[in-house]
Amino acid sequence: MALRGAVRAARGRWARCHLSCAVPPAGPGDTGGGTGGGTGGTGDTIFALFGPGRCGVAVIRASGPGSRGALQSLAGTPKMPPPRVLALRRIRDPTPAETLDRGLVVWFPGPHSFTGEDCAELHVHGGPAVVSGVLRALGRLPGLRPAEPGEFTLRAFRRGKLDLTAAEGLRDLIGAETEAQRRQALRQMEGELGQLYQGWSHTLTQALAHLEAYIDFSEDDNVEEEVLSRVASTVRALEQQIRAHLRDGRRGELLRGGVRAVIAGPPNAGKSSLLNLLCRRPAAIVSPVAGTTRDVLEVPLDIGGYPLVLSDTAGLRAATEPVEREGVARARQRLCQADLVLAVLDVTSVSPTPRALGAALAALEPPPGTPCVLVLNKADLLGGQGVSPSATCAQGHPATLLSCKTGEGLEALLELLAKQLEQLCGDPLLGSPSLTQSRHSRHLGACVAALARFNRGDNGDNGDLAVAAEQLRVARRELGRITGHVGTEDILDVIFRDFCVGK
């Protein structure tokens, strides 16, 4: 009973001291963190067009305390439609009392809206004249202004509608170009990654409360000695979990940003022809003259639902001409940065045996540990000899026959690439959510370093428990910076500036 009372007292004291770190900071125009209770906000009202460009239907959204008045002014009637129900209205410019369009309107009273504020939407025809007329009419209303990029999502964060990891997931979902990217972004936007980090933060909060209870009440209230051993066991287990999370091979980051694949090989092996074949257009100049490619040419591709950023590079040889020498230097620099190497060789100039393929690959000097795929090009020149490469070369990298001229072997190459990308990126729907941002890795690294100091007993000359408690506070603070619950003001601009206007 004494322990439970001490723990409750310590938690209460901790909460009073650190409450300001537990709630997203209120920004201009907000009444504080959380979802509130029906308030429309106290600041200015923003508006923006969603999906700019000529289209059948354009959606214009407003958020803030002036949304209700704006909807009443443009819909031409004081009666508001039922919340979250589309209603057909004549859209008017209130200044000249001119009809702009006939469209649908919808009213989202706060806090039951995306931003947590009062919101209104106008669904109008997407012609430029209609859209510009509605935007001009909104801009003339007092208290309304155009939104900055990402400002709607920033307001949702400020009012506790989503944490930073969910906001980053939303941004990635908007930018997703492949199925795998969409699946990962949707999973993060729905809160799985944030829940994982918040669970770890909750574990640290409990451990810290128990440790502070022992510090403050162990002598007076006879708190059990087992408290310290339980705290140590909990922190050790948590450190192992976070270290395992960090050892994911950058799967989430690769999937989010695209796997960087470099086409490398000697001159005239068919590297540019391979690029054109994969992207199905003449992106690179092809010539029988060796050394045609000088600069790096980059093309984004979707291979089996996974993002691939493919780079064509200059042929690797001892060049004497200054421009080609610079091209070879750039090729080697890009090769060192590759996540995957497509080594293109002329099948007529190399024996398809493990030893010969291994020697040819080693001559290209790919980065150690980087996965490689050997593409034996010009299979059409074999003259029906039926030569087939071994399943793997000496280093264990797969090899496949291809003719860039006829397209023979392309399907086998695409299947091989899809398998390589799946191994690098993993399945975004399986297991715990992956790291997707270098920002997360940085804060988790600082968190695990603090936990390691705690577990090693680096707590001063006498093993001061107060110093040990501070290590747990540092670890918890770093986790809070990922989700946005502490110390986020310096990174908000970086995260939200990449959103499109209107989101």
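The axes of helix H10 (residues 271-279) and helix H13 (residues 410-425) come within 12 Å and cross at roughly 85°, the axes being lines fitted to C-alpha atoms, for helices over the stretch in contact, with angles running from 0 to 180 degrees between N-to-C directions. This is a predicted model, in which local features need pLDDT of at least 70 and side-chain atom pairs count only at pLDDT 80 or more, while totals for chains, interfaces and linings use all residues. Residues are numbered from 1 along each chain as its sequence is written, and side-chain values use heavy atoms, with hydrogens and water left out. Helices (H or I, at least four residues) and strands (E, at least two) are DSSP runs, numbered from the N terminus.

**H10 and H13**

- The two helices, H10 and H13, are therefore roughly perpendicular to each other, a term that applies to angles of 65 to 115 degrees.
- Leu 274, Leu 277 and Leu 278 in H10 meet Leu 410, Leu 413, Leu 414 and Leu 417 in H13, where contact means heavy atoms within 4.5 Å.

**Helix H11**

- Glu 324, Gly 327, Val 328, Ala 331 and Leu 335 of H11 are buried, that is, under 20% relative accessible area, whereas exposed means over 50% (1.4 Å probe, protein chains only).
- On the face of H11 turned away from its buried side lie the exposed residues Pro 322, Gln 333 and Cys 336.
- Strand E7 (259-264), strand E10 (340-346) and helix H12 (354-364) are the elements against which the buried residues of H11 pack.

**Thr 436**

- Thr 436 has its place in the loop between H13 and helix H14 (438-456), and is buried, with a relative accessible area of 3%.
- The side chain of Thr 436 makes a polar contact with the side chain of Gln 188 (2.9 Å), a polar contact being a pair of N or O atoms within 3.5 Å; within protein, one must be able to donate a hydrogen and the other to accept it, and residues adjacent in sequence count only if both atoms are side-chain atoms.

**Arg 473**

- Arg 473 is found in helix H15 (residues 465-483), and its side chain makes a polar contact with the side chain of Glu 212 (2.3 Å).

Technical notes: Parallel < 35°, antiparallel > 145°, perpendicular 65-115°, else oblique.
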